[in-house]
Amino acid sequence: MFFFQEDLHPGKRVNLPLLAKTRDLTTFLPQQVARSIPFSYNEFPQILNLFSLDPESMEANDMEQTINVCEREGLRGEEIFCATSFESFVDSSVSKLGKNIQLLANELAKETNNPVFTIGRGIQNMGEEELVCHKMSYPYAVFLCHSIDSTVVYKVPLVGMDGTKAKALVICHKDTSAWSPNHPVFEILKVKPGTVPICHFAVRDTLAWVRK
């Protein structure tokens, strides 16, 4: 999923199992309902009881990780929030970027089991005023949205080995100096924080707000 920005060009072959995976179909709760349900680590036992989940289950572990990520402090140059309802998803994004915005998503012409794609022509730079929202593992839709300084969103045309056409979101971080040196990306690409721009394809259910 991670690569150097110089490799974002037509003809490049990429293996994207997290783009081809089955969509997560969980939906937002109405805002009034979402507000009535606790969503904090301190109330985690109450949350597990509400959803009748075993504290040792995989689902409980995923939920705990989601809440921990939502409660972490942002890195230098990062703004972060978690949306637990459609209203908060829209309102918080408008508060950050203004009303003249558009929502981008990964687009697959059809479902496919083949994760190998080739980048096509027509890569679009969607700008640096962005808010990237990752869908988290939870019983209802929760999106972790964050905006990181010196980040660019691209919309990238793809053609699969089986002919499947897609348009994928690519996020490029031009400044990674604030990232932890232990982030796996630096081991994968054999570089150090803040040395080169680093890009990644967005997971299937990721959304991105950008200014028009």
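Start by selecting Leu189, which sits in helix α6 (residues 184-189); helices here are DSSP runs of H or I with at least four residues, strands are E runs of at least two, and both are numbered from the N terminus. This is a predicted model, where local features need pLDDT of at least 70 and side-chain atom pairs count only at pLDDT 80 or more, while totals for chains, interfaces and linings use all residues. Residues are numbered from 1 along each chain as its sequence is written, and side-chain values use heavy atoms, with hydrogens and water left out.

Is Leu189 buried or exposed? Leu189 has a relative accessible area of 14%, so it is buried (under 20% relative accessible area, with exposed over 50% and partly exposed in between, using a 1.4 Å probe and protein chains only).

Phe2 and Leu189 are 187 residues apart in sequence, yet their C-alpha atoms are 7.7 Å apart in space. Leaving aside neighbours within four places in sequence, Leu189 is in contact (heavy atoms within 4.5 Å) with Phe2, Phe3, Phe4 and Ile198.

Next, select Leu8. Not counting residues up to four places away in sequence, Leu8 touches Phe3, Ile119, Ile123, Tyr154, Val156, Val170 and Cys172. Together with Leu158, Val170 and Phe201, Leu8 has the most contacts inside the largest nonpolar core, a group of 18 residues. Such a core is a set of buried Ala, Val, Leu, Ile, Met, Phe, Trp, Tyr and Cys residues joined through side-chain atoms within 4.5 Å. Colour β6 (116-119), β10 (151-160), β11 (165-173) and β12 (198-201) to see the elements that give two or more residues to this core. Apart from it lies another core of 13 residues, among them Phe44, Ile47, Ala60 and Tyr138.

For the next stop, select His134, Leu144, His146, His200 and Val203. Of the 35 residues lining the largest pocket, these are the closest to its centre. A pocket is found on a 1 Å grid over the protein atoms alone, as an open set of points where a 1.4 Å probe fits, with protein on both sides within 12 Å along at least five of seven lines; lining residues have an atom within 4 Å of a point. Elements supplying at least two lining residues each include α4 (58-70), β8 (130-135) and β9 (143-148).

Finally, zoom out to the chain, which has six helices and 13 strands. Its C-alpha trace spans about 50 × 40 × 40 Å along the principal axes, and 42% of its 212 residues count as buried.
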